[in-house]
Amino acid sequence: MNRGFSRAIRLRDTLLTDLSSASNPLVWNGDASFARSVEDRVLEAKPFHVDKNASKFLLDSAAELSAEDFYQSIAKVRLPFKELWLEIDASTPDGKHHGRLGAVIDYVEDGLRVFVAQLFKFPRNKSLSVIYSGTEVVFAAD
């Protein structure tokens with residue numbers, strides 16, 4: 001029996017609820033501007049779910065690149081829309097714990113900006129929690 005996420009449980013929806021919370025970890029010393037910025041970008045982004053086969057293809061292809069080539073390939077990506085929201089199903093290597101990775105990706109003056117979050121299902125009580133990468137990365141074309 002597959003105990004992963006159904007497509008009905010989407011990280012995007014859970015993330016948006018979490019971002020609007022006053023207790024969100026992206027709210028720093030009462031300043032919610034960064035959380036609001038991420039929330040606005042996620043709301044504007046065109047959402048896509050990357051299935052297992054596409055995810056495996058991307059992972060296998062990335063593994064063949066050097067670190068420099070990997071970063072440059074991301075920096076030179078042409079998005080089909082101004083902003084994208086991508087979700088990918090994920091699980092631990094042993095397959096016991098399931099989650100979902102998501103990223104809002106858009107262009108900024110310096111390059112391609114990526115903000116990553118993960119939805120994790122705790123096995124004991126089956127609760128869902130959003131885990132933030134803690135940072136935003138800009139992949140500059142140079």
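Trainee: Why is Thr14 called partly exposed?
Mentor: This is a predicted model, and in it Thr14 has a relative accessible area of 24%. Buried means under 20% and exposed means over 50%, with partly exposed in between, so Thr14, at 24%, counts as partly exposed.

Trainee: Where is Thr14 placed, and which residues does Thr14 touch, not counting residues up to four places away in sequence?
Mentor: Thr14 belongs to helix 1, and, with residues up to four places away in sequence left out, Thr14 touches Leu119 and Val130. As for Ser127, that residue is 113 residues from Thr14 in sequence, while the two C-alpha atoms are 12 Å apart in space.

Trainee: What makes Asn29 exposed?
Mentor: The relative accessible area of Asn29 is 74%, and the cut-off for exposed is over 50%, so Asn29 counts as exposed. Asn29 sits in the loop between helix 1 (11-19) and helix 2 (33-44), and its phi is near 50°, a positive value in a residue other than glycine.

Trainee: Is Lys76 buried or exposed, and how do you know?
Mentor: Lys76 has a relative accessible area of 57%, which is over 50% and therefore exposed. Lys76 lies in the loop between helix 4 and strand 2, and although Lys76 and Phe139 are 63 residues apart along the chain, their C-alpha atoms are separated by 8.5 Å.

Trainee: Why does Phe115 count as buried?
Mentor: Phe115, which lies in strand 4, has a relative accessibility of 1%, and because buried means under 20%, Phe115 counts as buried. Among the residues that Phe115 touches, not counting those up to four places away in sequence, are Leu26, Phe34, Val38, Gly102 and Tyr132.

Trainee: Why does Arg113 count as buried?
Mentor: The relative accessibility of Arg113 is 17%, and that value is under 20%, so Arg113 counts as buried. Arg113 is placed in strand 4 (residues 111-121), and its side chain makes a polar contact with the side chain of Asp106 at 2.7 Å. How do we know that this is a polar contact? The cut-off for such a pair of N or O atoms is within 3.5 Å, and the distance here is 2.7 Å.

Trainee: Which residues lie nearest the centre of the largest pocket, and what classes make up its lining?
Mentor: The largest pocket, which holds about 1,300 Å³ of space, is lined by 40 residues, of which Val50, Ser55, Leu58, Leu86 and Ile88 lie nearest its centre. By class, the lining has 22 nonpolar, 12 polar and 6 charged residues. Among the elements that each supply at least two lining residues are strand 1 (46-50), helix 3 (52-63) and strand 4.

Methods:
Residues numbered from 1 in each chain as written. Predicted model: local features only at pLDDT ≥ 70, side-chain atom pairs only at ≥ 80, totals over all residues. Heavy atoms only, no water. Buried < 20%, exposed > 50% of the residue type's maximum accessible area, 1.4 Å probe, protein only. Polar contact = N/O pair within 3.5 Å; in protein donor to acceptor, adjacent residues only side chain to side chain. 1 Å grid on protein atoms, 1.4 Å probe; cavity = no way out; pocket = protein on both sides within 12 Å on 5 of 7 lines; lining within 4 Å. Points joined across faces, edges and corners; volume = space filled by probe spheres on them. Nonpolar A, V, L, I, M, F, W, Y, C, P; charged D, E, K, R; others polar. Contact = heavy atoms within 4.5 Å.
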